[in-house]
Amino acid sequence: AGGYRGSSSAPTFALVRVSASGAIDETFASQSINAAPNNVRSRAYRLALQADGTILLAGEALTPSHGIDFAFAKYLPSGVRDTTFATNGFATMALPFSKDQAHAIATYADGRFVVVGNSLGITSDKDISVSRFHADGSLDTQFANGGKLLLSIGDVADDAVDVAIQTDGKIVILAQSLSGEAVKFAVIRLNSDGTLDTAFSEDGITIPTIGSFQDYAVKLALQSDGKIVAAGYSQQNGSNLDFAAVRYNTDGSLDTTFSQDGIVALPMGNATDV
């Protein structure tokens, strides 16, 4: 499990491993907690396990020279930072803006990885940010614009919340898009080089209407048959929020074999369901 620890004013990346019985694994790192080096103020939001057993954490860090930047760290299977990765196992990446937050990470079999989140970028509000890195933590300059991509979808703000890599190398991103006062799910598919996949929903982006006003995306999954499932919650009637899920065919169209129209929105209780 990854996250952050310490005071609200000085948090750092943290990592812990628990045995199958539920006890803290004392053989993992130092007291099973491993913070970022140099006490950098950092928060990890997503963890990924790589095929060789190494561990990646992704999130944000407050840097003295640039403000909030993407941050990520790599650990050996023992829980010790991998000092061959970036600088002493920890890296930050500054886009040319004032605030960059990484919310999800996905890895390739060869050790490369993709990080998604948001940045203050093309507009004065948040835009979707996607970057790809080599196994050593350096930017993959063959991806998009020197390894970095910014996407503006909504009129107000966008935020990528999850990412997955298909077996053919294409990248699927789940985002929230705010236009006016309405929040909507957005699913985006990129080609391996970072361009929008026009074979997916004609322009690489699909934004379904689930509820009457607010649809909040949370998690993405790829099925073994290539179909894409996005889950979260939606405002259906009045002010209540209900559980919601959408399933897409491989071409980005709604899968009408799933709940007749590809969309499920249903209450679990009598008030808010997230």
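At 16% relative accessibility, Lys184 counts as buried (buried means under 20% relative accessible area, exposed over 50%, and partly exposed in between, with a 1.4 Å probe and protein chains only). This is a predicted model, in which local features need a pLDDT of at least 70 and side-chain atom pairs count only at pLDDT 80 or more, while totals for chains, interfaces and linings use all residues. Residues are numbered from 1 along each chain as its sequence is written, and side-chain values use heavy atoms, with hydrogens and water left out. The chain averages a pLDDT of 87, and 91% of the residues score at least 70; pLDDT is the predictor's confidence in each residue, from 0 to 100. Confidence is lowest in strand β6 (residues 90–93), at a mean of 85, and highest in β14, at 95. Strands here are DSSP runs of E with at least two residues, numbered from the N terminus.

Lys184 forms a salt bridge with Asp215, and their closest N and O atoms are 3.5 Å apart (a salt bridge is a side-chain nitrogen of Lys or Arg within 4 Å of a carboxyl oxygen of Asp or Glu). Asp215 lies in strand β15 and Lys184 in strand β13 (residues 182–190), so the pair ties together parts that are 31 residues apart in sequence. Asp215 is buried, at a relative accessible area of 0%. A search of the whole structure finds 13 salt bridges. Another of them joins Asp159 to Lys126, with 3.9 Å between the closest N and O atoms. Because Asp159 belongs to strand β11 and Lys126 to strand β9 (residues 126–133), this pair links parts that are 33 residues apart in sequence. Asp159 is buried, with a relative accessible area of 11%, whereas Lys126 is partly exposed at 31%. In the salt bridge between Asp255 and Arg247, the closest N and O atoms are 2.8 Å apart. Asp255 is buried at 2% relative accessible area, and Arg247 is buried at 16%. Asp110, Arg112, Arg132 and Asp140 are linked in a network of salt bridges.

Turning to the strands, β1 (residues 2–5) and β2 (residues 12–15) pair in the antiparallel sense over four bridges; two strands pair if DSSP finds at least two bridges between them. Gly3 stands opposite Ala14 in β2. β1 and β2 form a hairpin with six residues between them, and Gly6 in the turn has a positive phi of about 100 degrees. Eight bridges connect β11 with strand β12 (residues 171–179) in the antiparallel sense, and the bridge partner of Asp162 in β12 is Leu174.

Tyr216 has Tyr233 as its bridge partner in β16. The hairpin of β15 and β16 has five residues between the strands, and Gly226 there takes a positive phi near 95 degrees. β16 is largely enclosed by the rest of the structure, because six of its eight residues are buried. Eight bridges also join β16 to β17, and these strands run antiparallel; Ala231 has Ala245 as its bridge partner in β17. In the loop between β16 (228–235) and β17 (241–248) lies Ser239, which counts as exposed at 61% relative accessibility. Ser239 and Gln214 are 25 residues apart in sequence and 9.6 Å apart in space, C-alpha to C-alpha.

The last feature is a pocket (on a 1 Å grid over the protein atoms alone, an open set of points where a 1.4 Å probe fits, with protein on both sides within 12 Å along at least five of seven lines; lining residues have an atom within 4 Å of a point). The largest pocket has a volume of about 150 Å³, the volume being the space filled by probe spheres set on the points. Two or more lining residues come from each of β3 (41–49), β7 (100–107), β11 and β15 (215–222). β11 gives the largest share, four residues. Among the lining residues are Arg46, Asp162 and Lys219. By class, the lining has eight nonpolar, one polar and three charged residues (Ala, Val, Leu, Ile, Met, Phe, Trp, Tyr, Cys and Pro count as nonpolar, Asp, Glu, Lys and Arg as charged, and the others, Gly among them, as polar).
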